[in-house]
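Thanks for coming, everyone. I'll take you through one structure today, so please have a look at it first.

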Amino acid sequence: MRSVRTGHERGIATVRMDSQANRNALSARLVTELRDTLAAFGADDTVRAVVLTHTGTTFCAGADLAAPPDPQAFVGLMREIVTLPKPVVARVDGHVRAGGLGLLAACDISVAGPASTFALTESRLGLAPAVISLPLLPRLDPAAASRYYLTGERFDAAEAARISLVTIATEDVDKALIPVLDGLRRASPQGLAASKELVTATVRESFDQYAEDLIARSAALFASAEAREGMTAFLERRDPAWVL
C-alpha cells in the first residue's frame, strides 16, 4: 500500500501524504515515494504546478524515529522540491513538526489553516534541525529561528506567517488557494520555471554550499548516546534524563 496518493485537475497535480498510522512521519518509504512522484510530475508537460498536502490531522510529524530516513535521501527530497521546474504549493491544515518544517520550507508557496501548529522539536531529543536548515534558514526570520530552534516551542499559523515560514495563514485554506492556483494556471511553463529559478537562488546556494556538512552533522547526532536517550524517551512517552 502506497504512502502517497495523487490527483490531477486542470494542470494542478496533487500529492497527498497518506501515512496516518505514523502521522505522515518521514520514513524511508515516504521519502522515496514523494521524491519519485514529484519527479514524475516535474517531467509531465500537462502539469503546471504541484500541491503538496496531507490526510489526517498532521501534515508531517518529522522523521520516523522508529526507522529514520537516511539524511542524504531526505536532502534529495527537499532538493527535488526546490529545483523542480514547477511551483510546489503546500496546503497545510494540521500539525507540522521537526523535519516536516524542512519539507514545508522547500515549497515555493504555502497556505496554512486554523488547525495548523508548528514546532522544531529536535533540541528536545538531543538532535538539531540540521539538514532542514538548508531551506529553512534562507527563508526564516533570523530572530525567530534562534528562538524556535533552541526552545522547541509550538506556534500557530499566524506566527508561521509572521516569521516567513508560510506564505498565507487563513481560516479557509481552500478558499485562499483559489487565486494562487488560478495565477499559476495563467502563467506559462517557461515563465514559471524561469521565475522559480530566480526566487529559489539563495536556497539552492544553501544546498550547494552546506548539504554535505549538514548531512554529516545529522548522522553524527542521530548516532549519539544523547539522541538515543531522547528518541527512546519520546517513544516511551517519558522525559529524557536531562530534563531538570
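Let's start with R10. R10 is exposed, at a relative accessible area of 61%. Buried here means under 20% relative accessible area, exposed means over 50%, and partly exposed is in between, with a 1.4 Å probe and protein chains only. R10 sits in the loop between β1 and β2 (12-17). Helices are DSSP runs of H or I of at least four residues, strands are runs of E of at least two, and both are numbered from the N terminus. The phi of R10 is near 50°, a positive value in a residue other than glycine. Most residues other than glycine have a negative phi.

Two words on the model. It is predicted, so local features need pLDDT of at least 70 and side-chain atom pairs count only at pLDDT 80 or more, while totals for chains, interfaces and linings use all residues. Residues are numbered from 1 along each chain as its sequence is written, and side-chain values use heavy atoms, with hydrogens and water left out.

R237 also has a positive phi, about 55°, and is not a glycine. Look for R237 in the segment after α10 (225-235). R237 counts as exposed, at 80% relative accessibility.

Now the helix packing. Begin with α1 and α2. Their axes are 9 Å apart and the angle is about 25°. Axes are lines fitted to C-alpha atoms, for helices over the stretch in contact, and angles run from 0 to 180 degrees between N-to-C directions. That makes α1 roughly parallel to α2. The cut-offs: under 35 degrees is roughly parallel, over 145 roughly antiparallel, 65 to 115 roughly perpendicular, and the rest oblique. The crossing of α1 and α2 is left-handed. Left-handed means that the near helix is turned anticlockwise from the far one by less than a right angle; right-handed means clockwise.

Who makes the contact? From α1, we have V31, L34, R35, L38 and A39; from α2, A73, F74, G76, L77, E80 and I81. Contact means heavy atoms within 4.5 Å. By class, that is eight nonpolar, one polar and two charged residues. Nonpolar covers Ala, Val, Leu, Ile, Met, Phe, Trp, Tyr, Cys and Pro; charged covers Asp, Glu, Lys and Arg; the others, Gly among them, are polar.

Next, α2 with α3 (residues 99-106). The angle is about 25°, with axes 8 Å apart. So α2 is roughly parallel to α3. F74, L77, M78, I81 and V82 of α2 meet G99, G102, L103 and A106 of α3. This contact has seven nonpolar, two polar and no charged residues. How many of the residues of α3 are buried? Eight of the eight, so α3 is largely enclosed by the rest of the structure.

Then α2 (residues 71-83) with α9 (residues 201-222). They pack at about 165°, axes 10 Å apart. That makes α2 roughly antiparallel to α9. This crossing is right-handed. On the α2 side the contact uses P71, Q72, V75, M78, R79, V82 and T83; on the α9 side, V203, R204, F207, D208, A211, I215, S218 and A219. Those divide into nine nonpolar, three polar and three charged.

R2 lies in the segment before β1 (4-9). R2 is partly exposed, at 46% relative accessibility. Setting aside residues up to four places away in sequence, R2 touches D18, R29, E33 and T37. T37 belongs to α1 (residues 28-42). Is T37 buried or exposed? Buried, at 10% relative accessibility. Beyond its neighbours within four places in sequence, T37 contacts R2, V4, T6 and V15.

Cysteines, quickly. The count is zero disulfides, where a disulfide is a pair of cysteine sulfur atoms within 2.5 Å. For C60, the nearest cysteine sulfur is that of C107, 11 Å away. That is too far for a bond. C60 is buried, at 0% relative accessible area. C107 is buried too, at 5%.

Last stop, E171. E171 is in the loop between β10 (168-169) and α7 (173-186). E171 is exposed, with a relative accessible area of 69%. Over to you for questions.
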